[in-house]
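I opened the model to look up strand order and ring contacts. My notes are below.

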2 protein chains.
Amino acid sequence: MAKPETFSPALLGVALESEATKPAYQQLYEQVRDLILSGRLPTGARLPSTRSYSKELGLSRTTLIAAYDQLVSEGYLEARRGAGIFVSQFSPEHLMLVNRAAPLVLPKPVAARRPLARPVPFAIRATSPADFPGAEWARLLQKTWRGPIESHFGEPHVEGHPDLKVAIADHLRTWRGISCSEDQVVITSGSAESIDLISRVLCQPGDKVWLENPGYMPMRREIAEKGLEPVYVPIDREGMMVSRGVELAKSARMAITTPPRQFPLGMTMSLPRRLDLLDWARSTGAWVVEDDYDSEFRYEGRPLAALMSMDETGRVLYLGSFSKVMFKSLRLGYLVVPPDLCGQFHNAHADLGPQASSVAQPALAEFMTSGQFAAHIRRMRRLYARRRALLLDQLLEKCSGLVTPQPANSGMHIVVSIMPRLSARHSDVEICRTLHQAGIEAQALSSYYAAETSPGPAGQGLLFGFSGFEEKELETSVSALAATLLCLAEA
Amino acid sequence: MAKPETFSPALLGVALESEATKPAYQQLYEQVRDLILSGRLPTGARLPSTRSYSKELGLSRTTLIAAYDQLVSEGYLEARRGAGIFVSQFSPEHLMLVNRAAPLVLPKPVAARRPLARPVPFAIRATSPADFPGAEWARLLQKTWRGPIESHFGEPHVEGHPDLKVAIADHLRTWRGISCSEDQVVITSGSAESIDLISRVLCQPGDKVWLENPGYMPMRREIAEKGLEPVYVPIDREGMMVSRGVELAKSARMAITTPPRQFPLGMTMSLPRRLDLLDWARSTGAWVVEDDYDSEFRYEGRPLAALMSMDETGRVLYLGSFSKVMFKSLRLGYLVVPPDLCGQFHNAHADLGPQASSVAQPALAEFMTSGQFAAHIRRMRRLYARRRALLLDQLLEKCSGLVTPQPANSGMHIVVSIMPRLSARHSDVEICRTLHQAGIEAQALSSYYAAETSPGPAGQGLLFGFSGFEEKELETSVSALAATLLCLAEA
């Protein structure tokens, strides 16, 4: 009878918990690894044969072999042909590392799920989940993924799912008067990717770019991070002051602007300004990026025609988004490029790879072509019009003398100017801070101005979003708003 | 009886097509706008009253008012109280613009949908649509969007859907030995966003970053675009040569590495190297980013433990991806950060906004927790193991003397070295070019090296992907490959 093998005492301490959720192989692997890393199983030590050690542990030999195999493949153990399995050679410093290291701090597992932070009135948010046709969306997601899915994997479609590109081109014809072919449509993961593509194709580092002031702040960061130089062009009641842009930087490479509805002030760019802008672009060879972020939500008259629809110079690019008309976390947007640039955009996009998820693209295409998208927009427009009217009435009734709503007939927020009795004592930023403490969200208009510019008193104001809140909620919130503002005016 | 109103002759030419798909209001709007822009309806001209003009056109007055309203709001027309509606004043240059502009070039609408460009063997691609459980995925998408969807809108969840974060933490415990809480998990739209977040939180412009050479090229571009300085650290059979990294740039801020399976060479980083790397990070205060892109697909033994699982210094960040185990255009990945950094990452992410679409996150969470994800990985692993074995056999049988497969037991591609009779005449890039003409895709190993470095003959080789192709297709393709290589060797 063969003499029983002698075991390193450390190995005798290995014990498997039968109640553990981990498989036996993994428990074994981890315990032996820890013995090696802690130095209790020394470098060069021979491990027992799988036959005898598996008997010792009361395990199947297959399980033990799996654990040894993993330890060998990770370099903790090494097999010497004919001689057995040994702890690998590595320096004592390596082993000390484990002991010297600070104890691992794990945050406590979150036992109960944190409650959802529901947006507080008057956060500027788009669709509320309660107003979204979730069941229909669910049906379309299933329908489009149940059938042949070859085209949904999206790999050959760097510019987006073909059906969605067709649906967007159709939508733009009807709603914006833009005649474009689907080849001009590039699906992106949102405006950041669109601007990234545009700057790669059309700009060089150091190029000047006109930006509206006040304007959409994330756009500024993106422009600056691309190595472009922002030129802040002021706004008046006709929109971007093109003549000021020409004075500041006639030779700018590009203008990024919101003609259908200025963000955040809400006016439409006037026809003379539009023509001036196109004329500047044509004569200097500059590009105009039209950011049309929410003009579907116009509450009087029809949606406005896009600047791109009147461009015959081929120098306008159009940025569209589904963040407002669908929901923000969909993360789908698009870019319409002039026909001459299709090839360049295709190449740049292929080089970077598509960033937009393909999962929802076929469902969104069907949502659009079946007419449900237009129906949803119309439904939301009626709903938002009611909410906006209510918010305006409430502000006039309860906050008169404190704030005055500015005229605007579209969008998902209202801009109010601050009356002297309040503005004399507090800046818009201070007011927002106090409102926040009182559980009310508002955005300070001054925070939409570039830090380098001084908007003066005209740049003070408050932005209230209304689209995501029910009428009852708006009413209660305006009462709380009025009380807080009154308190501030008198303090 | 009132005298009938006189009309500008241009306006009499306006005619609505009853067959048109456009609404009457829009046809009217466009025709009048074109008359103004072309100068045929001059500046200052008075428009007919809505009453008489609607009668003239045989239209409802409401339709005409809608068109006038839009033209007024866009600045083409202006209403003077009591006097009527007039064409706005703008300069003749504006009107000339339209005529001077180059004719609009519209690409021809694509009548027939272009056929899908199915990947050609041996493109390195992940799951083929035919192998993906589309029906089950469709069911989960519907299920998760049909019920209460408040949490799917994702706005309060900057770091991803809570259920998905929990599912990922569980997956990492089982498959990678990483003990992390879900708070450490950050859902991103893929490795580009992950690296962006990491560099914002942990790096300053000008910081040096170790990158593996050869390595994943898009990572280099991202690093360079963030203003970081790449330091190319060579690879040997134990993985990244940490001692060479220390020689080149001991004070680097970060090392980005692929310990579980080096990309593209396929070796696992040895234990001594892992310990050296952790030791370097601990002693210099550097960070290690472990990019674990496809180690689920290991065909012998069990999945390897992650470097993060043996890190007790809290200096390892883990990059995970669903591109390989699900599909690439899902555009979901994740990042696991050490517990101490959770707050900083949360703030950076909140500042930039989430980039990952929320649409598939709840479905993916359920796919994981129900065990279907693990089953899918196991099924794909068996499938890919068969395809890999077949490709190896076929290469040995048909291409011996031309190329030699390198040992590797995982992943979705095989690296082959080029035998002297072929390598003496052609570089790997030249070979790939010829293969491409013959309808075969292969990647040149040398293209994975930084341009600044010279890998020498050891850096020549070919990469063949096998995961997305059926056995028949692989067999036929290897025959074509052999014929082309033989031709090249003899030419």
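The entries cover a sheet in chain B, then aromatic pairs.

I am working with a predicted model, where local features need pLDDT of at least 70, side-chain atom pairs count only at pLDDT 80 or more, and totals for chains, interfaces and linings use all residues. Residues are numbered from 1 along each chain as its sequence is written, chains are lettered from A and ligands numbered from 1 in the order in which they are written, and side-chain values use heavy atoms, without hydrogens and water.

Sheet. I took helices (H or I, at least four residues) and strands (E, at least two) as DSSP runs numbered from the N terminus, and counted strands as paired if DSSP finds at least two bridges between them. In chain B I traced an open sheet of eight strands with mixed pairing, in the order E3-E10-E9-E8-E7-E4-E5-E6. Its edge strands are E3 (185-188) and E6 (239-240) of chain B, each pairing on one side only. I found E9 (residues 316-321) and E10 (residues 333-336) of chain B antiparallel and joined by four bridges; Gly320(B) has Tyr334(B) in E10(B) as its bridge partner.

Rings. I paired Phe, Tyr and Trp (six-membered ring) with centres within 6.5 Å; planes under 30 degrees apart are stacked, over 60 edge-to-face, the rest tilted. I get 38 aromatic pairs over all chains. Phe153(A) and Phe132(B) are edge-to-face, at 5.5 Å centre to centre and 80 degrees between the planes. Phe153(A) lies in the loop between H6 (134-146) and H7 (162-176) of chain A and Phe132(B) in the loop between H5 (92-100) and H6 (134-146) of chain B, so this pair joins two chains.
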